[in-house]
Amino acid sequence: MIKDALDAVVKVLTAEKDYLSDLDAKVGDGDHGINMARGADAAIEAFEDLDDTEDLKKVLTAIGEAVVMNVGGTAGPLYGTAILEAAKVIDENSSPDILTLEKVFGAAVAGVQKRGHAQKGDKTMLDVLIPIHECFKPENTIGKSVEEVMIEARDAGRDGVEYTKTIPARRGRASYLGERSIGFEDPGAVSSLMICRTLFGYWKEILNK
């Protein structure tokens, strides 16, 4: 199960490598796709080196450490931190239910905020991750199935990407452009949406089996 989810994410990031780099070339160094693909390769290698590949906490910890160590730019530290912080709230009873996903996304968001000193509205991956996390909060999930919440979270993430087009960048290389960054999607927000959308699709299949 874990390997299938990882493979799905790796496949998407590898396939969209050039697209992500093209987006990044408009506001940054043009290497976001390359870095994400490198992170995907590092994640696979870390997974294959594990003795126990069904322990999600160990898997996420190994992947997070591999991403931090092997991926350049801001992507490595931010994505690696998000994964490592998510791993801390996982235990043997964790499953893709609303409560677990709220904790996972909450931990990931807090980790990225602390590491990157960014907030919603800074034109970063947080403009996707924060709206997704909010969908899983108790006050927003009353009477809803996990599948319904995932659909709402996917749509919130998509809206977050669109939102990044309307605001100037305040963090990273894109911040040097100031107002000139308006009109362009944030590459980190796009890659975050790709990953979350892929995982939601995979979990939906598991829930429907």
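A residue is called buried when its relative accessible area is under 20%, exposed when that area is over 50%, and partly exposed in between, as found with a 1.4 Å probe on protein chains only. The structure above is a predicted model, in which local features need pLDDT of at least 70 and side-chain atom pairs count only at pLDDT 80 or more, while totals for chains, interfaces and linings use all residues. Residues are numbered from 1 along each chain as its sequence is written, and side-chain values use heavy atoms, with hydrogens and water left out.

F200 and W203 both belong to α9, which spans residues 187-207, and they sit three residues apart, about one turn of the helix. Both of these residues are buried.

Aromatic rings come next. Rings of Phe, Tyr and Trp (for Trp, its six-membered ring) pair if their centres lie within 6.5 Å, and the pair is stacked if the planes are under 30 degrees apart, edge-to-face if they are over 60, and tilted otherwise. By this rule there are four aromatic pairs. One of them joins F105 and F136, which are stacked, with 5.7 Å from centre to centre and 15° between the planes. Because F105 lies in helix α6 (residues 98-116) and F136 in the loop between α7 (126-135) and α8 (146-164), this pair ties together parts that are 31 residues apart in sequence. The rings of F200 and W203 have centres 6.1 Å apart and planes at 50°, so their pair is tilted. F105, F136, F200 and W203 form one aromatic cluster. As for burial, F105 has a relative accessible area of 9% and is buried, and F136 is buried at 1%.

A wider view brings in the nonpolar core, a set of buried Ala, Val, Leu, Ile, Met, Phe, Trp, Tyr and Cys residues joined through side-chain atoms within 4.5 Å. The largest such core has 51 residues, and those with the most contacts inside it are I132, F136 and F200. Its largest share, nine residues, comes from α9. If we leave out residues up to four places away in sequence, I132 touches F105, A153, G157, C196 and F200, where contact means heavy atoms within 4.5 Å.

Finally, P77 lies in helix α5 (residues 75-88), and P77 counts as partly exposed because its relative accessibility is 21%.

How values were computed: Helices (H or I, at least four residues) and strands (E, at least two) are DSSP runs, numbered from the N terminus.
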